[in-house]
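Here is a friendly walk through one model, helix by helix and loop by loop. Have a look at the structure first, and then read on.

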Amino acid sequence: MTDLKNFADILEIANNKGKRIYEICQILESENTEKPVSDIRNRVKNIIAAMKSAINDGLKSEEKSTSGMCGDDCAKLVYMYKTGKSLFSTLQQKILKYALATVEQNARMGKIAACPTAGSCGIVPSVIIAVSEEIDIDEEREADALITAGLIGKIVSNKLALAGAVAGCQSECGVAAAMAAAAVVELYEGTNEQIINAAALTLKNIMGLVCDPVAGLVEIPCVKRNAFLAIYALVGAELALAGVKSIIPADEIVDAMKQVGEMMSPKLKESSEAGLATTPTGLKITSELEEKWNNQE
Ligand code: SF4
């Protein structure tokens, strides 16, 4: 995908050729890697299989992370849904469960597929797999959706490093949500414009999200943030599928995110020197963990 510099390019190429965005991506990836499209798609399907494994493992576990800060929240949802209690549809329930199952696996050092990063690993898988199950989609269409999501992440990463340490959480969970929103539009066979719009609307409304993990661990706020932003991705997809457009073009939004990332204090970029990390509770947890780790040495 190295030839795709921005969203305007991909839209123009895809529309001129009468193809869907994922088709252009896989053709270009095939050319760049000198591998057949079938190989590219098999690689994508292997990633989807890894995502499903992480969800299944996470759904079965209530084990806490080493810090003890997380690990049993997915189970709370599972128990509640068994009682029939919920504000949400089954699709939304699955998204929440799958997001927490995956990201709790990450906190337990289990195997996950970083998408685009480990800290945001719950968002894209939960959305693609829950939607696929709900509308009964096969693995070929799941692959189409994940390739579409990958394109969104790739284009953003051309201008903005996908790392909380560089541009805050807008560039991790924010980008993951945009990737998921675009994937949903692909699964519902929206147009190429709607796919890019879903990403644009999603990115635009998460801009400026800081990275302030307690004790420097990818747990608070990261775990629950994955659940929130997975549902948030549905909003981007729903609006785009209805024909709602982002007045600010997607490429300009990425430029603005980059600017905001550069203006963001280093204290809010994964250094744990501000925000939630330095709340009284955040500091108390940090000092307790430091004491625990020192005693283990
Ligand atoms: S808060 Fe920081 S560490 Fe946590 S998911 Fe977001 S970017 Fe990653």
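Gly243, which comes just after α11, takes a positive phi of about 100°. Everything described here belongs to a predicted model. Helix α11 itself covers residues 222-241.

Two packed helices are described by the angle between their axes and the distance between the axes.

| Helix pair | Angle between axes | Distance between axes |
|---|---|---|
| α6 and α7 | about 150° | 10 Å |
| α2 and α3 | about 110° | 8 Å |

Let us take the pairs in turn. The crossing is right-handed. On the α9 side, the contact involves Cys173, Ala176, Ala177, Ala178, Ala180, Ala181, Val184 and Val185. Their counterparts in α11 include Arg225, Leu229, Tyr232, Gly236 and Leu241. By class, the contact of α9 with α11 has 16 nonpolar, two polar and one charged residues.

Helix α6 spans residues 123-134 and α7 spans residues 139-159, and the two pack at an angle of about 150°. Since angles over 145 degrees count as roughly antiparallel, α6 is roughly antiparallel to α7. These helices cross in a right-handed manner. Val124, Ile128 and Ser132 of α6 meet Glu142, Ala145, Leu146 and Ala149 of α7. Five nonpolar residues, one polar and one charged make up the contact of α6 with α7. The spacing of the α6 residues is worth a thought. An α-helix has 3.6 residues a turn, so residues three or four places apart point the same way.

Helix α2 (residues 21-33) packs with α3 (residues 37-60) at about 110°. The two are therefore roughly perpendicular to each other, and their crossing is right-handed. Gln26, Ile27, Glu29 and Ser30 of α2 are in contact with Val37, Ile40 and Arg41 of α3. The contact of α2 with α3 divides into three nonpolar, two polar and two charged residues.

Now for the loops. Most residues other than glycine have a negative phi, and most peptide bonds are trans. Which peptide bonds are cis here? One runs from Cys115 to Pro116, with omega near 0°, and Pro116 lies in the loop between α5 (90-107) and α6. Another runs from Ile220 to Pro221, with omega near 10°. Pro221 sits in the loop between α10 (192-204) and α11. Glu270, in the loop between α12 (250-263) and α13 (280-296), has a phi near 70°, a positive value in a residue other than glycine.

Notes: Residues numbered from 1 in each chain as written. Predicted model: local features only at pLDDT ≥ 70, side-chain atom pairs only at ≥ 80, totals over all residues. Axes fitted to C-alpha atoms, helices over the stretch in contact; angles between N-to-C directions. Helix = DSSP H or I, 4+ residues; strand = E, 2+ residues; numbered from the N terminus. Parallel < 35°, antiparallel > 145°, perpendicular 65-115°, else oblique. Left-handed = near helix turned anticlockwise from the far one by under 90°. Contact = placed C-beta atoms within 7 Å. Nonpolar A, V, L, I, M, F, W, Y, C, P; charged D, E, K, R; others polar. Expected span 1.5 Å × (residues − 1).
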